[in-house]
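Colleague: Hi! Could you walk me through this one? I'm new to it.

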Amino acid sequence: DTDHLIPIKSPMVGTFYRAPAPDAKPYVELNQQIATGQVVCIIEAMKLMNEIESELAGRVAKILVENAKPVEFGQTLFLIEPA
C-alpha cells in the first residue's frame, strides 16, 4: 500500500545517479531517514550534474530507478514516507 507515500519526481530528462562518483557511497539508502533539502541523487543533463534535493523530511520507502538509467521529466524516483 503506497497511498501514504510522497513521490520525489525528476525535474528534468537525464541520467539518474545515486552517488556523486562511481566509487562513492550513495546519497541515500532504502529505509534511511532524510531531511528537507537533503541531496537524494544527481541527474545528469547535457553534461551538467544537477543535485536533486528532497522537499520533505521522512524515510526512503522505495527507490524506483536503477543507477545510471535514463529518466523522464516527472518520473517518480523515490517514494518517501513523511516524518
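Colleague: In what order do the 4 strands of the open sheet with β5 come?

Modeller: The order is β5-β4-β2-β7, with antiparallel pairing. Strands here are DSSP runs of E, at least two residues, numbered from the N terminus, and two strands pair if DSSP finds at least two bridges between them. This is a predicted model, where local features need pLDDT of at least 70, side-chain atom pairs count only at pLDDT 80 or more, and totals for chains, interfaces and linings use all residues. Residues are numbered from 1 along each chain as its sequence is written, and side-chain values use heavy atoms, leaving out hydrogens and water.

Colleague: Which strands are at the edges there?

Modeller: β5 (48–53) and β7 (69–71), each pairing on one side only.

Colleague: How many bridges join β4 to β5?

Modeller: 6 bridges join β4 (residues 39–45) to β5. For instance, Cys41 has Ile52 in β5 as its bridge partner.

Colleague: New topic: what is the order in the open sheet with β1?

Modeller: β1-β8-β6-β3, and the pairing is antiparallel. β1 (6–9) and β3 (33–34) each have a single partner strand, so one side of each lacks a neighbour in the sheet.

Colleague: And how many aromatic pairs turn up in the whole structure?

Modeller: The search finds 1. The ring centres of Phe16 and Phe78 are 5.9 Å apart with planes at 55 degrees, so the pair is tilted. Rings of Phe, Tyr and Trp (its six-membered ring) pair with centres within 6.5 Å; planes under 30 degrees apart are stacked, over 60 edge-to-face, the rest tilted.

Colleague: Are Phe16 and Phe78 buried or exposed?

Modeller: Both are buried, meaning under 20% relative accessible area (1.4 Å probe, protein chains only).

Notes: Buried < 20%, exposed > 50% of the residue type's maximum accessible area, 1.4 Å probe, protein only.
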